[in-house]
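Please keep the sequence and the three-dimensional view at hand while reading.

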Amino acid sequence: MSTARGRLVVISGPSGAGKTSVCRSLKQRPEVEFSVSATTRRRREGERDGVDYHFLERDDFQKRIGENQFLEWASYNGNLYGTPRWPMDAALARGRTFLLEIEVKGTRQLRERGVEGLYVFIAPPSIDELRRRLVHRGSNEAAEIEQRVRIAEDELLAAREAVGGRPLYDVILENVDLATTIREVEARIWP
């Protein structure tokens, strides 16, 4: 929601494209509040509940969907992910920039609901480079990497779609160099 008091910024992109690194940099700015998403996926080494994600059991997550507690939610690679609604409303009321890192399906839900904001898609330079980054990350098995690559191909196509006569994303940035991509995103948020 874009208001005189605050602004929503949505950042999406395939796993390995660099969206988390971009968001990590933006979170360092004092005017930015970051949404901590909920998920049913298992916790990775070093991740902290309530900081990296709210790690929920599938039954609890589904109950919260029924109670309309999520701004958006999606199933991705066999797990559920969602954005709790109340932190955004509170941040915007305080005049803050509220940053969401969500999947393409979640972005589509926000656009369909008419949620105003700046929507940014971070794309890899190529599928081969994306695969290399996922392998280098070292946290996924080969089969899961290939599944993420297939999902990425679908997301790259979907990012160029329109919802309600409007582009799904306001800007699509190819992340060749992370520092440059971060500067480009910052220039879009704070021209």
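## Basis of the report

This is a predicted model, in which local features need pLDDT of at least 70 and side-chain atom pairs count only at pLDDT 80 or more, while totals for chains, interfaces and linings use all residues. Residues are numbered from 1 along each chain as its sequence is written, and side-chain values use heavy atoms, with hydrogens and water left out.

Helices (H or I, at least four residues) and strands (E, at least two) are DSSP runs, numbered from the N terminus.

Five strands make up an open sheet with parallel pairing, and their order is 2-7-1-8-11. At the edges lie strand 2 and strand 11 (171-174), each of which pairs on one side only. From one strand to the next, the twist averages 25°. Two strands are said to pair if DSSP finds at least two bridges between them.

Strand 1 (residues 7-12) is joined to strand 8 (residues 118-123) by four bridges in the parallel sense. Ile11 has Val120 of strand 8 as its bridge partner. Strand 8 also pairs with strand 11, again in the parallel sense and over four bridges; here the bridge partner of Val120 is Val171 in strand 11.

The side chains of strand 11 alternate along its length. Buried means under 20% relative accessible area, exposed means over 50%, and partly exposed lies in between (1.4 Å probe, protein chains only).

Strand 3 (residues 38-39) runs parallel to strand 4, with two bridges between them.

Strand 5 and strand 6 (residues 79-84) run antiparallel and are joined by six bridges. Phe70 has Pro84 of strand 6 as its bridge partner. These two strands, strand 5 and strand 6, form a hairpin with two residues between them, and Asn77 in the turn has a positive phi of about 55°. Is strand 5 mostly covered or mostly uncovered? Five of the seven residues of strand 5 are buried, and the strand is mostly covered.

## Packing of the helices

Two packed helices are described by the angle between their axes and the distance between the axes. Axes are lines fitted to C-alpha atoms, for helices over the stretch in contact, and angles run from 0 to 180 degrees between N-to-C directions.

Helix 5 (residues 127-137) and helix 6 (residues 142-158) have axes that come within 10 Å and cross at roughly 140°. Helix 5 is therefore oblique to helix 6; angles under 35 degrees count as roughly parallel, over 145 as roughly antiparallel, 65 to 115 as roughly perpendicular and the rest as oblique. The crossing of helix 5 and helix 6 is right-handed. A crossing is right-handed if the near helix is turned clockwise from the far one by less than a right angle, and left-handed if anticlockwise. Residues of helix 5 that meet helix 6 include Ile127, Leu130 and Leu134.

Helix 1 (residues 19-26) packs against helix 7 (residues 178-189) at an angle of about 60°, and their axes are 10 Å apart. Helix 1 and helix 7 are therefore oblique to each other, and their crossing is right-handed. Among the residues that make the contact are Val22 and Leu26 of helix 1, together with Ile182 and Val185 of helix 7. Contact means heavy atoms within 4.5 Å.

## Two residues in detail

Glu33 is found in strand 2 (residues 32-34). Is Glu33 buried or exposed? Glu33 counts as buried because its relative accessibility is 19%. The side chain of Glu33 makes a polar contact with the side chain of Arg94 at 2.3 Å. A polar contact is a pair of N or O atoms within 3.5 Å; within protein, one must be able to donate a hydrogen and the other to accept it, and residues adjacent in sequence count only if both atoms are side-chain atoms.

Pro167 belongs to strand 10 (residues 166-167) and is partly exposed, with a relative accessible area of 48%. Not counting residues up to four places away in sequence, Pro167 touches Arg111, Glu161 and Ala162. Pro167 and Arg111 are 56 residues apart in sequence, and their C-alpha atoms are 9.1 Å apart in space.
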